[in-house]
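Here's a quick walk through a fold, with an eye on what packs against what. Have the model open as you read.

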Amino acid sequence: MRLTIAIREYRPDDCKETADLFFNTVHTVNASDYTREQLNVWATGRTDLAEWNKSLETHRSFVAVYENKIVGFGDVDESGYLDRLFVHKDFQRRGVATAVCDRLERCIQGKITVHSSVTAKAFFEKRGYTVTERQCAVRQSIELPYFVMTKQLK
């Protein structure tokens, strides 16, 4: 069931809620595609909130709000790199990611690039993104596979 959600620009007072959403989403939604060790190095729970906020303020960042609760968020930088797109575990497959991604894509002209998790790959493929390469990030000697995906925007 699709929800009626509001998409608005990120504000500094969203910082802690988005960081918590990121951690919880990684450790639940992505758990089917990544090991516990991989999840723990990806989302450590020790987010530097000042750096997190600075990054989201520097990028074009949006949050999805449902009943005064942030249920998703995403950001894109000036070069067209879609840095983050995360949806609360209880709001998966309800149109939240689509709404946030639609808003992010409207900020970019030309090509948009994302480093997609294994979990999100199908979502981006349905939106017309194509895999350009498969990569692995290494954190604390643990490999985190992901896909570099791009889409040409109009």
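## A pair of rings

Does Phe123 count as buried, partly exposed or exposed? This is a predicted model, and in it Phe123 counts as partly exposed because its relative accessibility is 21%, while buried means under 20%. Phe124 is buried, at 4%.

A search of the whole structure turns up 8 aromatic pairs. Phe123 and Phe124 have ring centres 5.1 Å apart and planes at 75°, so they pair edge-to-face.

Arg84 sits over the face of Trp52, 4.8 Å from the ring centre. Over the face of Phe147 you'll find Lys121, at 5.1 Å from the ring centre.

## The cores

The largest nonpolar core has 23 residues, and Leu82, Leu85, Val96, Ile112, Phe124 and Tyr129 touch the most other members. Elements giving two or more residues to this core are S2, S3, S4, H4, S5 and S7. H4 supplies the largest share, 5 residues.

Take Val96: beyond its neighbours within four places in sequence, Val96 contacts Ile5, Ala64, Val71, Gly72, Val87 and Phe91. There's a second, separate core of 19 residues, including Tyr10, Phe22, Val26 and Tyr34.

## Helix H1

H1 covers residues 15–28, and its 14 residues should span 20 Å at 1.5 Å a residue; the end C-alpha atoms are 20 Å apart, so that agrees.

Among the buried residues of H1 are Cys15, Leu21, Phe22 and Val26. The helix's buried residues pack against H2, H3, S2, S3 and S4.

Note on methods. Residues numbered from 1 in each chain as written. Predicted model: local features only at pLDDT ≥ 70, side-chain atom pairs only at ≥ 80, totals over all residues. Heavy atoms only, no water. Helix = DSSP H or I, 4+ residues; strand = E, 2+ residues; numbered from the N terminus. Expected span 1.5 Å × (residues − 1). Buried < 20%, exposed > 50% of the residue type's maximum accessible area, 1.4 Å probe, protein only. Contact = heavy atoms within 4.5 Å. Core = buried A, V, L, I, M, F, W, Y, C linked by side-chain atoms within 4.5 Å. Phe/Tyr/Trp six-rings, centres within 6.5 Å; stacked < 30°, edge-to-face > 60°. Lys NZ or Arg CZ within 6 Å of the ring centre and 35° of its normal.
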